[in-house]
Amino acid sequence: MRSNIRLQGEGDETILTKPASVTTRLLIDSDWYDQEITLVDAKGFEVGDSVCLRTKNPHHGGTDVLKRTLVARSGNRFKLDKALRQNFWTKGDTTCSTLFPLVTSEETENLVIENLALDGNRVNNENLDGNYGGCIFLQDVSNVLIRKVTARQNNGDGISWQICHDVTVEDCHSHDHAGLGLHPGSGSQRPLMRRNVLERCQIGLFFCWGVKYGLAEENTILDIKGQGISIGHRDTDNIVRKNVVRNSGQTGILFRPEGGPGFCGHRNLIEQNIIENSGPENGVAIDVQGGTEQITLRQNQIKESRGAAQRIGIRLAKETKEITLAGNSFDGLMKDVEQA
């Protein structure tokens, strides 16, 4: 999507999906300045396709990921829309896959995406990490409204945005993804997430790195495999209010320990949420880990209908500081509050 564009459908009758992904290896090395790749098997690749290139970095051993578009072809050799700017060498087990977000935009502003369904065809597609893809994926974008969108069955995230400011996601349904339901990504300022339903994902709402001054309000987060809501690396000054988090497989709300107090999510307000049936027999509804500081937990209802077992309402790690508890209610737990 370019700047100043509205993408509007007719609700669930407007469905964007994708075919099964195809993956092959590179036949010839491509250097960082090249704008061409040569595939071992070009079957399933056509000019106009978006592709994802992945390789093992020869210097540090990590994985380099790059998204490009195929713009010209000669046999099994393709020209890309932009140069690689990274080395993609055959010795790094380099692959090229037809993996891409269904709706995406980079370095734009003033977008509206509303009233449509996005189906990621999860069972027929390889996984694409939420830092690079999703049913919706935005990078370096500002002033976005995502409204009344169904994002479903993606082998990755549902809705992800990285270094994007003033993104509003409201009245959406994000469900049955291999990754995250909503992913306000690194460096994103002032995200507004309200009245969304997030179901059966790995994590429901994941505050990535440095997400600040956000509001998550009146969302319903159900049957999540891991954490209903996860807050961590320098995610500060956010408000999480009036959400329902029910049947989380590990934790209702988690403050991640990160790499020490300088990296934790400080000065966040958690209030008037309903958190029910969190984790296994030793599960925790709200788990504040690491050196997290200046957190207010106020007027939350923490419930267990499965029996007390070893379940805890609020757990505070030894390193935490200035944690304010006020007016929270507890029902059906072994212990309401545990301070390490």
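Modeller: What follows goes through salt bridges, a surface patch, a pocket and a cavity.

Modeller: This is a predicted model, in which local features need pLDDT of at least 70, side-chain atom pairs count only at pLDDT 80 or more, and totals for chains, interfaces and linings use all residues. Residues are numbered from 1 along each chain as its sequence is written, and side-chain values use heavy atoms, with hydrogens and water left out.

Biologist: How many salt bridges does a search of the whole structure find?

Modeller: Side chains of opposite charge can pair when their charged atoms come close. Here a salt bridge is a side-chain nitrogen of Lys or Arg within 4 Å of a carboxyl oxygen of Asp or Glu. The search of the whole structure gives 26.

Biologist: Which side chain meets Arg 77 in a salt bridge?

Modeller: That of Glu 36, at 3.9 Å from N to O. The pair links distant parts of the chain, with Arg 77 in strand β7 (residues 77–80) and Glu 36 in strand β4, 41 residues apart. Strands are DSSP runs of E, at least two residues, and helices are runs of H or I, at least four residues, numbered from the N terminus.

Biologist: Which residues are linked in a network of salt bridges?

Modeller: The network joins Arg 6, Glu 114, Arg 147, Glu 170, Asp 171, Arg 194 and Arg 195.

Biologist: Which residues form a nonpolar patch on the surface?

Modeller: Patches are made of residues with over 30% relative accessible area and no salt bridge; like charges are joined within 9 Å, nonpolar side chains (Val, Leu, Ile, Met, Phe, Trp, Tyr) within 5 Å. Leu 27, Ile 28 and Val 40 form the patch, with about 270 Å² of accessible area together. Accessible areas come from the Shrake-Rupley method with a 1.4 Å probe, and for residues only the protein chains shown count as cover. Leu 27 sits in the loop between β3 (23–25) and β4 (36–38), and is partly exposed because its relative accessibility is 49%.

Biologist: How is empty space read?

Modeller: Rolling a probe the size of a water molecule over the atoms shows where empty space is left. On a 1 Å grid over the protein atoms alone, a cavity is a set of points where a 1.4 Å probe fits but cannot get out, a pocket is an open set with protein on both sides within 12 Å along at least five of seven lines, and lining residues have an atom within 4 Å of a point. The largest pocket holds about 520 Å³. Of its 20 lining residues, the closest to the centre are Leu 66, Lys 67, Arg 68, Lys 82 and Glu 106. β6 gives the most to this lining, with 5 residues.

Biologist: What volume does the largest cavity have?

Modeller: About 90 Å³; a volume is the space filled by probe spheres set on the grid points, which are joined across faces, edges and corners. Among the residues that line the largest cavity are Lys 18, Phe 100 and Glu 126.

Technical notes
Buried means under 20% relative accessible area, exposed over 50%, partly exposed in between (1.4 Å probe, protein chains only).
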